[in-house]
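Open the model in your viewer and keep the sequence panel beside it.

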Amino acid sequence: MDYQPNPDRINDIWGERTPHASGTEWPTRVDEFLLDGVSVDRWVRSACLLCSNGCGLEIAVSDGRIVGVRGRADDRVNRGRLGPKGLYGWQGEQRDRLTTPLIRRNGRLVETDWDTAMAAVVERSRSLLDTKGPLSHAFYTSGQLMTEEYYTLAVIGKGGIGTPHMDGNTRLCTATASAAFQESFGCDGQPGSYTDIDCCDALFLFGHNVAETQTVLWARMLDRLDGTDPPRLVCVDPRRTNVAERATVHLPIRNGTNLALMNALVHEQISRGFLDHDYVAAHTLGFEDLQARTETATPEWAAEICGVPADDIRRAAEIFGTSQRVVSTCSMGFYQSHQATAASCQVNNLHLLRGMLGRPGAGILQMNGQPSAENNREAGCGPALPGFRNWNNPEHVAELARLWNVDPIVIPHWAPPTDAMAIFRYVEQGSIGFLWIAGTNPAVSMPDLPRIRRILSGDQCFVVVSDGYRTETTELADIVLPAALWGEKTGTHTNVDRTVHLSRQAVEPPGLARSDLDIWIDYARRMGLSDKDGHPLPAWKSPAEAFEAWKECSAGRPVDYTGLTYDMLDARGGIQWPCSADVPDGTERLYTEAHFPTTVHECETYGHDLATGAPVNETEFRALRPDGRAVLKTIAYEPAYELPDHEYPLRLTTGRTVYHWHTRTKTSRTPELQQAAPSMWLEISTQDARRLGIGEGDIVRVTSRRGSIDAPARVSHVREGVVFAPWHYGDDPANDLTLSAWDPVSKQPEFKVAAIALERIRAGDGPAPAPTITASAPAVSEGR
């Protein structure tokens with residue numbers, strides 16, 4: 001075992017290589033970081049919560065505080081490795097924490113006690129419920145809480161209050177992953193496994209800069225690429241990322257043209273006979289329609305739209321069509337777009353056409369953006385029912401009503417579920433008068449920020465925020481509640497490939513901070529929420545009790561947890577669901593028998609029109625007779641909502657950098673990470689820089705129809721006509737520029753395309769404060 005004490009994950013992001021051949025086990029390499037001079041009292045088992053990879057680790061505790069972490073060699077996800085945020089990011093929890101509730105008095109937030117704060121919350125909540133009913137309430141949560149917390153709030157919101165207005169910031173990052181799975185397979189849930197990377201012969205990364213967003217997963221890919229029989233790699237990204245530099249084929253398409261490319265790739269599979277005819281005939285429906293809709297989508301047609309050579313599109317299609325084991329990943333480059341669900345469904349379609357599912361080395365990973373985004377979806381804390389139940393299936397609603405012992409009419413299936421964009425619109429209009437925000441910072445992360453900040457600062461809605469820090473959002477709230485963070489509470493969370501981890505509480509939360517579970521149980525008790533027999537709802541008080549209740553809810557559903565226990569997760573580390581009496585060791589990959597949950601009884605949705613978002617009803621779904629088969633579907637490509645013109649001639653795209661996480665509430669307080677990317681920058685191409693007379697580090701202004709920001713220019717390898725902006729920085733928020741537009745099915749906002757103008761303001765004081773060894777590297781660099 002390779003042991004790496006205190007490695008430099010700032011300058012050596014992915015660490016020392018451990019190459020291996022296809023079909024062999026990924027070698028271990030244990031990364032550890034401890035503060036200088038500490039003596040560790042004990043190690044507490046946990047998993048990282050600073051990206052969606054879900055790396056198993058242990059927390060070092062000394063004298064009641066966290067002093068370090070180390071990767072777990074026995075964990076199936078990371079085999080001991082940790083990335084920059086996992087290794088260093090925990091330090092951000094030890095600075096500037098909220099330690100006492102705050103209440104707004106005379107326009108200012110002032111400290112108060114829990115009873116006063118909760119009394120104010122309950123008074124407003126009860127008043128609105130009595131006068132306006134459950135539609136006056138909304139809950140907007142995160143992708144970074146625990147399963148137990150999500151399920152608790154789902155029961156409170158949908159079984160106690162009865163509101164359909166529940167969503168998470170998962171709407172912003174990976175709602176499309178869930179939508180695409182539901183449209184193709186009838187239900188959410190990742191088909192593939194990380195172990196498929198260990199034996200595939202081709203990797204396709206669609207809009208996924210894995211080298212920066214899931215660094216340990218990229219290390220896993222690098223160890224195959226550096227092995228004796230490396231897979232061929234195809235990268236779709238408008239920037240020259242670290243992934244693109246290792247690619248067999250790089251397709252730097254114009255942002256906003258994903259579906260044109262995907263329709264051409266599917267066209268090539270069909271026209272060139274790269275098909276598993278038996279699989280398609282036996283296990284799918286919709287092939288004839290798919291063939292007709294892509295018949296004219298030639299590589300030449302797509303090349304004109306996407307701005308890449310037709311021969312490169314053909315070459316990528318050939319790699320997919322001639323490989324025996326393909327793993328595809330898909331992420332926000334596809335999800336944050338106007339035809340996001342359709343493009344992501346085409347990724348699924350490629351695999352279905354070739355029967356590339358349910359066997360080693362052949363799988364799909366529609367990535368998540370956050371460590372427990374999957375749990376938000378599973379537990380029904382957003383616009384969905386717990387356990388991947390169908391909102392429009394009365395039998396599924398009745399199951400929950402029996403489980404919770406409530407009248408089915410309380411569960412808000414009588415109205416469509418409400419996505420985040422609609423929630424903020426209803427707050428703006430005043431129909432929602434009570435908004436509880438937990439573990440997220442929409443005053444930086446939402447699109448069209450000037451509008452969002454006006455909404456949150458208005459007096460038409462009572463805003464409650466639970467968080468570990470004072471943020472741009474807490475400053476607009478009426479009540480702020482101090483929340484415990486990772487390492488300060490116990491609970492489970494599930495990563496991209498369905499691996500469930502248990503994180504044990506290692507230390508006490510600071511001051512008066514409480515876990516979100518405790519906060520919401522307190523709220524429910526003070527509100528007097530109860531079941532039909534007058535018993536408290538929810539019935540539990542502890543994480544362990546909440547987990548047992550969630551297991552009961554998941555029983556018999558595709559997301560079955562009934563075989564899992566805290567002790568089992570403690571002993572073995574991550575285990576993949578479904579895990580039940582039938583599969584007591586978990587399930588490595590789904591659909592091994594090519595049966596898909598598309599029966600009326602099983603399915604999570606009846607589907608949607610991918611162009612309009614109009615739902616398919618039960619009668620229409622029954623007429624299709626999917627009967628356990630996957631659904632092949634697509635639509636015609638349409639241009640993005642906002643295209644370059646004379647006034648705004650360039651395209652904006654936004655994204656992440658390897659050293660920061662979301663709005664930097666944690667990572668800006670971590671010295672190593674903050675120093676590596678201390679402030680905002682804007683990336684422009686060498687061609688656009690030359691044309692506009694812009695040099696490295698010059699202060700430039702980017703302006704859209706909604707706002708403008710000034711920042712130093714990084715002249716990089718982004719494609720001509722595109723400007724890239726990291727969205728982490730609240731002082732110069734990229735989302736001042738983005739628009740309120742979204743995919744019609746997933747309702748995920750279009751962060752990846754906006755029309756902008758660019759101008760030089762003045763000379764800078766030196767190079768831009770951007771990383772130099774990632775996709776943000778300068779065009780002339782010795783670092784790469």
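Predicted model: local features only at pLDDT ≥ 70, side-chain atom pairs only at ≥ 80, totals over all residues.

**Stop 1: a helix pair**

Select residues 420-429, helix 18, and residues 449-457, helix 20. Their axes lie 9 Å apart and the packing angle is about 50°. Helix 18 and helix 20 are therefore oblique to each other. The crossing of helix 18 over helix 20 is left-handed.

Now show side chains. Which residues of helix 18 meet helix 20? Helix 18 brings Phe424, Arg425, Val427 and Glu428. From helix 20 come Arg451, Ile452, Ile455 and Leu456. The residues of this contact comprise 5 nonpolar and 3 charged, with no polar ones.

**Stop 2: helix 13**

Move to residues 310-322. How far apart are the end C-alpha atoms of helix 13? They are 18 Å apart. At 1.5 Å a residue, the 13 residues should span 18 Å, so the two values agree.

Colour the buried residues of helix 13 next: Ala310, Ile313, Ala316, Ala317, Ile319, Phe320 and Gly321.

**Stop 3: cis peptide bonds**

Select Leu537 and Pro538. The peptide bond between Leu537 and Pro538 is cis, with omega near -5°. Pro538 sits in the loop between helix 21 (516-527) and helix 22 (543-554).

Go on to Trp577 and Pro578. Here too the peptide bond from Trp577 to Pro578 is cis, and omega is near -5°. Where is Pro578? Look in the loop that runs between strand 21 (575-576) and helix 24 (618-624).

**Stop 4: positive phi values**

Select Arg625. Its phi is near 50°, a positive value in a residue that is not glycine. Arg625 belongs to the loop between helix 24 and strand 22 (630-631). Is Arg625 buried or exposed? Exposed means over 50% relative accessible area. Arg625 has 56%, so Arg625 is exposed.

Finish at Lys747. This residue is not a glycine, yet its phi is positive, at about 60°. Find Lys747 in the loop between strand 27 (722-726) and strand 28 (754-762). Buried means under 20%, and partly exposed lies between that and the exposed cut-off. Lys747 therefore counts as partly exposed, at 24% relative accessibility.

Terms used
Residues numbered from 1 in each chain as written. Heavy atoms only, no water. Helix = DSSP H or I, 4+ residues; strand = E, 2+ residues; numbered from the N terminus. Expected span 1.5 Å × (residues − 1). Buried < 20%, exposed > 50% of the residue type's maximum accessible area, 1.4 Å probe, protein only. Axes fitted to C-alpha atoms, helices over the stretch in contact; angles between N-to-C directions. Parallel < 35°, antiparallel > 145°, perpendicular 65-115°, else oblique. Left-handed = near helix turned anticlockwise from the far one by under 90°. Contact = heavy atoms within 4.5 Å. Nonpolar A, V, L, I, M, F, W, Y, C, P; charged D, E, K, R; others polar.
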